[in-house]
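This briefing covers one structure, topic by topic. Please look over the sequence and the model before reading the points below.

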Amino acid sequence: MAITKETKIVAIEIVGDYKIIQIAEDIIYKEDGVITNTIRHRRVLHPCLVSKNTDTNEVTTEWTNTSSEVQEIKDIIDLKWTDEVKSTYETYLKNKV
Amino acid sequence: MSKTTIPTGGIGILTQLAFNATQSASTNANTLDDYEEGTWTPTFSGYSGTDQNATGYYTKVGNLVTAGCRIGTDGTSDASVATIAGLPFTVRASTEDGAIGGGLVTYTTGLAAQRWYAINNTATVKCADGTGNDVNYNDFGANKTVMLIITYFV
C-alpha cells in the first residue's frame with residue numbers, strides 16, 4: 001500500500017492596485033493511486049511587508065522572497081510587481097506603521 | 001455562463017453545492033457566489049525568532065472569511081510590532097484598518113489585554129493592547145501562545 005501526497009495549484013488571483021497574489025493549492029493524498037483526501041491550502045504573496053521596532057522606531061521593509069516559487073508564479077510576479085507597484089505598496093505600508 | 005432557474009417555491013434538499021476555486025463575483029447583493037474551506041499557515045511577520053506550532057483553518061462564504069489559528073513565540077527577544085501574516089485571502093481595501101476585520105482571542109498564555117485587527121490590502125492582523133497601542137513581541141511574551149478566530153471581509 002503506497003500513500004502519496006502531491007500539491008497542485010488550482011487558482012492564482014491578482015487582487016487590487018498592489019497586485020497582491022492569492023494562491024490556492026490542493027494537497028492531494030492518494031492510496032495506491034486513488035485519491036483518499038484533498039485539502040485546500042491558501043497563501044497570499046505581497047510585494048513586501050513592513051515592520052516597526054517599538055523600542056527604536058526603526059521601520060524595516062521585508063521584501064518577499066519568491067525564489068522557491070514555481071516558474072508560473074515567478075512569471076506573474078515579474079509581470080505584475082513592477083518597480084512602481086513595489087514602491088507604491090511599500091509607501092502604503094510605511095504610512096500605516 | 002448558463003444559469004439554472006430555481007422554482008419560486010424553492011429547492012428541495014441538496015446534498016452538495018460546488019463552487020469554483022476562483023470566485024465568480026456577483027454584483028447582486030442577494031447572490032451567494034463563493035464557498036471554500038481549507039487551511040493556511042500563520043506566521044509572525046518581522047519576527048526574528050521561530051514560530052511555534054503554527055496552524056490555521058478557514059471557511060469563506062461569499063465575501064466573509066472566518067480564519068482560526070494557533071501560533072506561538074519562542075524565547076527570542078524582539079521589539080517589532082506583533083503581526084500575524086499569512087491570512088488565506090487579502091483583507092478588503094477600506095478607509096480604516098480594523099473596521100472590516102479583526103480577531104477574537106480564544107486562548108492565550110501571552111499578554112492578557114491583546115487585540116488583533118485586520119490591516120487593509122494585506123493578509124495580516126496586527127496586535128494592540130487594550131488602549132490601542134502597538135504590542136511588540138516582547139510585550140506579547142517569550143514562549144507564549146495565542147489562538148484566534150479572525151473574521152474579515154474581502
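In chain A, 44% of the contacts (heavy atoms within 4.5 Å) with a separation of 6 or more are between residues 24 or more positions apart. The model is predicted: local features need pLDDT of at least 70 and side-chain atom pairs count only at pLDDT 80 or more, while totals for chains, interfaces and linings use all residues. Residues are numbered from 1 along each chain as its sequence is written, chains are lettered from A and ligands numbered from 1 in the order in which they are written, and side-chain values use heavy atoms, with hydrogens and water left out.

**Chain A overall**

- Chain A has two helices and five strands, where helices (H or I, at least four residues) and strands (E, at least two) are DSSP runs numbered from the N terminus.
- Along the sequence their order is β-β-β-β-β-α-α.
- The radius of gyration of chain A is 18 Å, well over the 13 Å that the globule rule gives for 97 residues, so chain A is more spread out than a compact globule. This radius is taken over C-alpha atoms, and the rule is 2.2 Å times the number of residues to the power 0.38.
- Taken along the principal axes, the C-alpha atoms of chain A fill a box of roughly 55 × 35 × 20 Å.
- Of the 97 residues of chain A, 37% count as buried. Buried means under 20% relative accessible area, exposed over 50%, and partly exposed in between (1.4 Å probe, protein chains only).

**Interface of chain A and chain B**

- About 2100 Å² is buried between chain A and chain B, 48% of it on carbon and sulfur atoms; buried area is the accessible area (1.4 Å probe) that two parts lose on being put together, summed over both.
- Arg40(A), Arg42(A) and Lys96(A) supply 27% of the area that chain A buries against chain B, more than any other three residues.
- Chain A brings 25 residues to the contact and chain B brings 30 residues.
- There are 16 residue pairs in polar contact across the interface, both residues at pLDDT 80 or more. A polar contact is a pair of N or O atoms within 3.5 Å; within protein, one must be able to donate a hydrogen and the other to accept it, and residues adjacent in sequence count only if both atoms are side-chain atoms.
- On the side of chain A that touches chain B, β1 (3-15), β2 (20-31), β3 (34-45), β4 (48-52) and α2 (83-94) of chain A each supply at least two residues, and β3(A) gives the most, with five residues.

**Salt bridges**

- The whole structure holds 10 salt bridges over all chains, each a side-chain nitrogen of Lys or Arg within 4 Å of a carboxyl oxygen of Asp or Glu. Three salt bridges are counted between chain A and chain B.
- Lys96(A) pairs with Asp97(B), the closest N and O atoms being 2.7 Å apart. Lys96(A) lies in the segment after α2 of chain A, and Asp97(B) in the loop between β5 (83-85) and β6 (101-108) of chain B. Lys96(A) is partly exposed at 23%, and Asp97(B) is partly exposed at 22%.
- Glu69(A) and Arg43(A) form a salt bridge at 2.8 Å. Glu69(A) is buried, at 9% relative accessibility, whereas Arg43(A) is partly exposed at 22%.
- A network of salt bridges links Glu13(A), Asp26(A), Arg40(A), Arg42(A) and Glu36(B).
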